[in-house]
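I open the notebook on a new entry. The plan is to look up one topic at a time and write down what I find.

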Amino acid sequence: MAATGQEEDDIDHYEVLCLPSGEEGAALTIEQIEKAYRTQSRQRHPDKRPDDPNATADFQRLSSSYKLLRDESLRRQFDARLRGRREAAARAAAAGFKRRKAVSDLEERERAAAAGQPANPEELAKREMKQKAADIERELKEFQNAKQAAASGAAATSAYGDKKGGASQDGVKTDKGKILKVTWDGSADSYTAAKLEELFQKFGKVEDIVIKTRKSRSKGSAIVVMGTKEAAVLAIQNHFSLFPLNVAPVQESGGLPARSTQTHESRTSNIDGTGFSDLEASVFRKLQEAQKRKQCG
């Protein structure tokens, strides 16, 4: 039975040939597509599956997808549709998050009203500012503790079940061009080291993963050390395929020297990278602003 227009639009022709989709699929050469088709056609030919009533339709779909991907013009149009579909899904996910946040805020206000909290706007504003200041102080303390733990290797959660620091005992340096900072909405428990390794392995070897331990239920973060710079760059370029994870590089500043030749302060500074330094400065700035507003109130 021929597919309808809607069904045709929903088909991912790369997946039909068991190829990677998205930007990675768009980068495939004709030779790679032909090789995949030859392999799949041998395995999925109806003669090889006499007892499968869907074998003929599946083989016809395989041939149709192959013909489309071989046509340069049709393939460009299909890649554009896939890109639009991914962008629409990302917008829908963002809109859904905003709606959930609005509902959560409304429920919080209703609970506060039911608990008999004052309805005076000024009093509510003061309480909210005090809470924000407390949250910022807690975040700063957690951040500083995480820095110290990461520097000593005491809080490292490795993808291989052990604790790995930024450098080996023999003095080999870790190139920061291979280090990625990953954040997500949700608690730290939302992603395990094993799960992150599984997601990032498609870009190359993963050397280590350090998940930041924090009490916040709204944000989680981790450091992912790729095997090569190229793998890290590939992960950044294809970060949309990791949604809802946010992926950013840790700026290079000479690598991570071995522990035997560093002081605690220099080791912490190297592990932080520009991304961590910016975060720390931001937290300090928020804390100072909150304290000023508290004094003025």
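I started with a bridge partner. Which residue of β3 is the bridge partner of V210? I found I223 in that place. The model is a predicted one, and I keep that in mind throughout.

Next I looked up the pairing around this bridge. β2 and β3 are joined by 5 bridges. The two strands run antiparallel, and β3 covers residues 219–226.

Then I took the sheet as a whole. I noted 4 strands in an open sheet, with antiparallel pairing. Read across, the order is β2-β3-β1-β4. Which strands stand at the edges? They are β2, residues 206–211, and β4, residues 246–249. Each has a single partner strand, so one side of each lacks a neighbour in the sheet.

I moved on to a helix pair. Helix α5 spans residues 55–70, and helix α6 spans residues 72–114. Their axes come within 5 Å. The crossing angle is roughly 100 degrees. Angles of 65 to 115 degrees count as roughly perpendicular, and α5 and α6 are therefore roughly perpendicular to each other.

Which residues meet there? From α5 I listed L68, L69 and R70. From α6 I listed E72, L74, R75 and F78. Sorted by class, the contact of α5 with α6 holds 4 nonpolar and 3 charged residues, and no polar ones.

I stayed with α5 for one more residue, S65, which lies in that helix. Is S65 buried or exposed? The relative accessible area of S65 is 0%. Buried means under 20%, so S65 is buried. Leaving out residues up to four places away in sequence, I found S65 touching H13, V16 and L17.

Last, I checked confidence. The protein chain has a mean pLDDT of 77. Of its residues, 69% reach 70 or more. Where does pLDDT stay under 50? I noted residues 154–171 and residues 252–276. For 154–171 the model has 43 contacts beyond four places in sequence. For 252–276 the model has 58 such contacts beyond four places in sequence.

Notes: Residues are numbered from 1 along each chain as its sequence is written. This is a predicted model: local features need pLDDT of at least 70, side-chain atom pairs count only at pLDDT 80 or more; totals for chains, interfaces and linings use all residues. Side-chain values use heavy atoms; hydrogens and water are left out. Two strands pair if DSSP finds at least two bridges between them. Axes are lines fitted to C-alpha atoms, for helices over the stretch in contact, and angles run from 0 to 180 degrees between N-to-C directions. Angles under 35 degrees count as roughly parallel, over 145 as roughly antiparallel, 65 to 115 as roughly perpendicular and the rest as oblique. Contact means heavy atoms within 4.5 Å. Ala, Val, Leu, Ile, Met, Phe, Trp, Tyr, Cys and Pro count as nonpolar, Asp, Glu, Lys and Arg as charged, and the others, Gly among them, as polar. Buried means under 20% relative accessible area, exposed over 50%, partly exposed in between (1.4 Å probe, protein chains only). pLDDT is the predictor's confidence in each residue, from 0 to 100.
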